[in-house]
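Open the model in your viewer and keep the selection tool ready. This tour goes stop by stop: what to select, then what is there.

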Amino acid sequence: MSHSVQIKNALISVYYKDNLEPIIHELNRLGVKIYSTGGTETFIRDLGVDVIAVEDLTSYPSILGGRVKTLHPKVFGGILARRSFDSDEQQLAQYEIPEIDLVIVDLYPFEETVNSGAGQEDIIEKIDIGGISLIRAAAKNFKDVVIVASKNDYTELEEILKAQEGATTIDQRRRFAQKAFNISSNYDTHIFQYFDQSEPMPVFKQSIQTSQVLRYGENPHQKGTFYGNLDAMFTKLNGKELSYNNLVDVDAAVALIDEFTEPTIAILKHTNACGIATRSFIKEAWIDALACDPVSAFGGVIIANDEIDAATATEIDKIFYEVLIAPAYTDEALEILQAKKNRIVLIRNRVELPLKQFKTLLNGVIEQDKDLVVEGPAQMKAVTVKQATEHELRDLYFANKVVKHTKSNTIVFAKNNQLMASGVGQTSRVDSLKQAIVKAESFGFDLKGAVMASDAFFPFPDCVEIAADAGITAVLQPGGSIKDQDSINMCNQKGIAMVTTGVRHFKH
């Protein structure tokens, strides 16, 4: 299996012709006989290079509007023949089939056509038949054949042709075959997803072509890889590469900030907001977000939904942070922020995000729809004698956005579009509430007139009783407990308002 193969005959039929010209000239220099079809054949002839039409080889024209061009024994026989098998070689000679040592073929742009919003007829025509068959055949017979299935590999092939005078090693052919099967499996996955209606039984298939090896995973002894295109999502302006934990926090930050339209800054630590505020100006939003919990903000991820100016950058630069994300920065702001080399500064680019979430679990994978619902004042049902004021309803809406993106069990206090404190990830809701009260008091917040949001219902009236005694005047919860009335009665007894939404926002 260590033998070298000299390329004598090549089949080239590609959709994308970018950077193909140097390879054509190199094959011509090496005396390689080239077979081709359609537009690629014309492209090669226009370069002044001799080329043999596949239909001259097969004695059959391209038929059915181009659907059938290369599907013929004289093509696939030349690719699949095992050079070490005398019987295969005898049959090639009997039927006058040339050995094809190099196949350069790519696939119709199916995924791109789907994403363009094209109609079904155009999409179906982009399901490649001949191309995928040629790729699989050549990759299967990698012992004797080189398969190049992407324009991204043209440069590597050109370098090999020049350095080795048209010969290839088994390791090189195996590597090209690996890439080809990756391309073909990814292609088939996207076709399946287009047809998949999840009936009669859902099937989990994912294929992501781009990846980035991380320094390590959650901890240094764990390996980590990100599968996806970070360059499409962010433009990095400063700092080291994002780590596994950075990415987890950045994901949570993006999901949270997308709930807000007015100037808002959030600070996250371990995926939970430790500070967030909405104000008329982004600098004010930063100052009030930091005031929520300046201790936890140390080493956190900061995200803004408005341009960062010099004044805001000056304030942000006073603390240590891991990552800063914004849609834009002024030149003066960047000069300030880039002075500290290790701090990661990102511009967030607008890309469409998936509507599904999945993760490994036990011996499989679980998948769900993203939680894209957040209830505003119109969905808040008053259940107490005292009605929430318009101002309290706005604060409850703010608190509900935050609680949706905070680890369960969670309680959030808010006032004037500012997070005052939260209790997160506790094993009882009462513990989360008590944690929030202690944090609010430790940073000098007066809870009188603040509102409280809970990610799930109250099984007992103790939470609303404690909250009312702390100064909370309005409460939001989804409702749904058989003991809802106990909590409602406690609110009435304490003279505070309660609204229910009917929607739970667990985040585990």
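Contact here means heavy atoms within 4.5 Å, and angles run from 0 to 180 degrees between N-to-C directions. The model is a predicted one.

**Stop 1: the six-stranded sheet**

Select helix H13, residues 282-292. H13 lies across S11, S12 and S13, and runs at about 30° to S11. Now show the sheet itself. It is open, has six strands and mixed pairing, and its order is S10-S15-S14-S13-S11-S12. Look at the edges: strand S10 (234-238) stands at one and strand S12 (272-278) at the other. Each has a single partner strand, so one side of each is left without a neighbour in the sheet. From one strand to the next, the twist averages 20°.

Zoom in on one pair. Strand S11 (residues 264-269) and strand S13 (residues 300-304) are joined by four bridges in the antiparallel sense. Pick Ile 265 and look for its bridge partner in S13: that is Ala 304.

**Stop 2: helix H8**

Select residues 130-140, helix H8. How many of its 11 residues are buried? Eight are, so H8 is largely enclosed by the rest of the structure. Colour these buried residues of H8: Gly 130, Gly 131, Ile 132, Leu 134, Ile 135, Ala 137, Ala 138 and Ala 139.

The axes of H4 and H8 are 8 Å apart, at an angle of about 25°. Angles under 35 degrees count as roughly parallel, and H4 and H8 are therefore roughly parallel to each other. From H4, the contact uses Val 75, Phe 76, Ile 79 and Leu 80. From H8 come Gly 130, Ser 133, Leu 134, Ala 137, Ala 138 and Lys 140. Sorted by class, the contact of H4 with H8 has seven nonpolar, two polar and one charged residues.

**Stop 3: Glu 99**

Go to the loop between helix H5 (86-94) and S5, and pick Glu 99. Is Glu 99 buried or exposed? Its relative accessibility is 16%. The cut-off for buried is under 20%, so Glu 99 counts as buried. Show what it touches beyond four places away in sequence: Lys 8, Asn 9, Gly 78, Arg 83, Glu 89 and Leu 92.

**Stop 4**

Next, pick His 405, in the loop between helix H16 (390-404) and strand S19 (411-414). His 405 is buried, at a relative accessible area of 11%. Setting aside neighbours within four places in sequence, His 405 is in contact with Ala 255, Leu 256, Glu 259, Thr 271, Asn 272 and Lys 507. Now draw a distance from His 405 to Ile 316, 89 residues apart along the chain. Their C-alpha atoms are separated by 23 Å.

Move to strand S20 (residues 419-423) and select Ser 422. Ser 422 is buried, with a relative accessible area of 11%. Its contacts, leaving aside neighbours within four places in sequence, are Ala 273, Ile 411, Val 412, Gln 435, Ala 436 and Lys 439.

**Stop 5: helices H17 and H18**

Select H17 (residues 429-442) and H18 (residues 462-470). Their axes are 9 Å apart and the packing angle is about 10°. That makes H17 roughly parallel to H18. H17 brings Arg 429, Val 430, Leu 433, Lys 434 and Ile 437 to the contact, and H18 brings Asp 462, Cys 463, Ile 466, Ala 467 and Ala 470. The contact of H17 with H18 has seven nonpolar, no polar and three charged residues.

Stay on H18. Its buried residues are Cys 463, Val 464, Ala 467 and Ala 468. They cover an arc of only 125° around the axis, which puts them on the same side of H18. Around them are H17, strand S21 (451-454), S22, H19 and S23, against which they pack. Step to Gly 471, which follows H18: its phi is positive, near 115°.

**Stop 6: helix H19**

Finish at residues 484-494, helix H19. Highlight Asp 484, Ser 487, Ile 488, Met 490 and Cys 491, which are buried. Their arc around the axis is only 160°, which puts them on the same side of H19. The buried residues of H19 pack against H18, strand S22 (474-477) and strand S23 (497-500). Just after H19 comes Gly 495, with a positive phi of about 75°.

How values were computed
Residues are numbered from 1 along each chain as its sequence is written. This is a predicted model: local features need pLDDT of at least 70, side-chain atom pairs count only at pLDDT 80 or more; totals for chains, interfaces and linings use all residues. Side-chain values use heavy atoms; hydrogens and water are left out. Helices (H or I, at least four residues) and strands (E, at least two) are DSSP runs, numbered from the N terminus. Angles under 35 degrees count as roughly parallel, over 145 as roughly antiparallel, 65 to 115 as roughly perpendicular and the rest as oblique. Ala, Val, Leu, Ile, Met, Phe, Trp, Tyr, Cys and Pro count as nonpolar, Asp, Glu, Lys and Arg as charged, and the others, Gly among them, as polar. Buried means under 20% relative accessible area, exposed over 50%, partly exposed in between (1.4 Å probe, protein chains only). Two strands pair if DSSP finds at least two bridges between them. The arc is that of the directions from the helix axis to the C-beta atoms.
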